[in-house]
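Here are some friendly notes to read alongside the structure. Please keep the sequence and the 3D view open as you go through the points.

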Amino acid sequence: MESNPVLLYGEAEGTVRGLRSFTLRDTGSGGWMKQHEYVEKLNMQAIINASTGQEEMIKDLLVTHGKVSTLIRELIAVEIWKQKVFPVISGLQDFQPRSTFPLYMVIHHEATIINLLETIFYHKDVCESAEDLVLDLIDYCHRKLTVLLSRCSAGDIVSQDRLLPSSASKTSSLEDLKLQAEALDFDVALKCLSILRYITDHTDSLPLSTTTRLLNTHNLPCVLVELLHSCPWSRRSQGLMQKYESGRWLSVPAEDHQKMTKLDGQVWISLYNLLLRPECQRKYNIDSFTRGQLLKLRSHLTEVVIDQLPNLTELQRFLGHLSVSEAASPKKELILEQVPEVYDSIIRENSGKWKAIAKHQIKHTFSPSDSELRHQAQRWAQTYNMDVMESLVPDKPKCGSCGAEAVKRCARCQSERYCTRQCQVSHWQKHKKACDLVSSAMKKMKDDMKTPM
């Protein structure tokens, strides 16, 4: 299957070569925004290549030019910006931006990078090219998953089928942005799950500290057990079973309730790698607490699950052995432990400056002139072209109501698809708020672009 490219090879190579790290103060600046658009296009092209079986030129270019580590640094920088700077900006009562689009672009940058990394990290050479920063990426993913689990236990999961920026200059627009940031965090955390699985596939060719960090520093197997138990990618809505796949909640027919999703599979494969690989068994410190947590897996290892992933029979045998015997103590090895540095170094560099950074960005970055807004609107319209976005999905569009193949589009917002008029009418109450947001955003963007300089 061939697809029109978002980037030609020469453009892609120039884009990859130009990737660089920005200071926290420069987040959202003109140069930063241009790089965000470049990363967005790299992400689109990488998805097209991977989903259509084409040569994965974006992956190859990122490895060749040593830019995987740059992406990881930028990922952690925007994570810190969201934690430390965004709350200050959104807490200032006198900040009433003309448009929240620039802020949304910064918030969305994290999701763009993690999506690109998820697409390419399947490959061993990508994992290896991250070098020592794979430890920083492991820490990042662990932070995201533990926050997800804490929200699961508190019943505080925010997720949306589509995450859309508010275009209105109302007092509530920043509040809307906070909700969208939380919803993006849900999607980001689930992509972290896939990245961790790919890392566990290649621990034998990664820095020595990788296995220790996964098993003993973060005790990832126990985190994965809790994720299987809470299963945040599955829910019941109005009596129907829904599962989160490809960025949206889809209704699941009764006969498919026990069918394993991609996310279920990522958890089980990660556990298989971490518990059964010889080098992992040598290093994993299984104390009485960890043993008790791991044995909870036995209730999830049903015949239906094993039928779908037959290799899990070995995991079942391992758990049976663990239940009747004490785990062997890990071998004591003298290892110089590598320590991730990106997160701590950015925090140290900017400690005590969060308010100053926020005020600088409000003045110089998030209060653009009318002409700057029009220019940004034109660039965003080109980057987020609807036809290009739909080309990223190898399957035909699905109906927003029933999940069947759909050819009709909501005439007002152009973003939701339906198979019949009946489905559109029945789905309207759920779709109305998103439809209002998108259509108002599109109208404002068009008005901005038409307004004379």
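1. S270 makes contact (heavy atoms within 4.5 Å) with L196, R197, T200 and L224, leaving aside residues up to four places away in sequence. S270 belongs to helix α11, which covers residues 262–276. Helices here are DSSP runs of H or I with at least four residues, strands are runs of E with at least two, and both are numbered from the N terminus. S270 is classed as buried because its relative accessibility is 1%; buried stands for under 20% relative accessible area, exposed for over 50% and partly exposed for what lies in between, with a 1.4 Å probe and protein chains only.

2. Before going further, please note that this is a predicted model, in which local features need pLDDT of at least 70 and side-chain atom pairs count only at pLDDT 80 or more, while totals for chains, interfaces and linings use all residues. Residues are numbered from 1 along each chain as its sequence is written, and side-chain values use heavy atoms, with hydrogens and water left out.

3. Next, look at V126 in helix α6 (residues 124–129). V126 has 0% relative accessibility, so it counts as buried. Setting aside residues up to four places away in sequence, V126 touches K59, V63, V68, I120 and F121. The C-alpha atom of V126 is also 8.1 Å from that of L62, although 64 residues separate the two along the chain.

4. Helix α5 runs over residues 101–120, which makes 20 residues. From first C-alpha to last it reaches 28 Å, close to the 28 Å expected at 1.5 Å a residue; the expected span is 1.5 Å times one less than the number of residues. Helix α5 has a kink of about 35° centred on H108, where the bend is the angle between axes fitted to the seven residues ending at a residue and the seven starting there. Because 20 of the 20 residues of α5 are buried, this helix is largely enclosed by the rest of the structure.

5. Now for the strands, which pair if DSSP finds at least two bridges between them. Strand β1 (residues 234–237) is antiparallel to strand β2 (residues 240–245), with four bridges. The hairpin of β1 and β2 has two residues between the strands, and Q238 in the turn has a positive phi of about 55°.

6. Strand β2 also pairs with strand β3 (residues 248–251), again in the antiparallel sense over four bridges. Here K243 has L250 in β3 as its bridge partner. In this hairpin, two residues lie between the strands, and S246 takes a positive phi near 55°.
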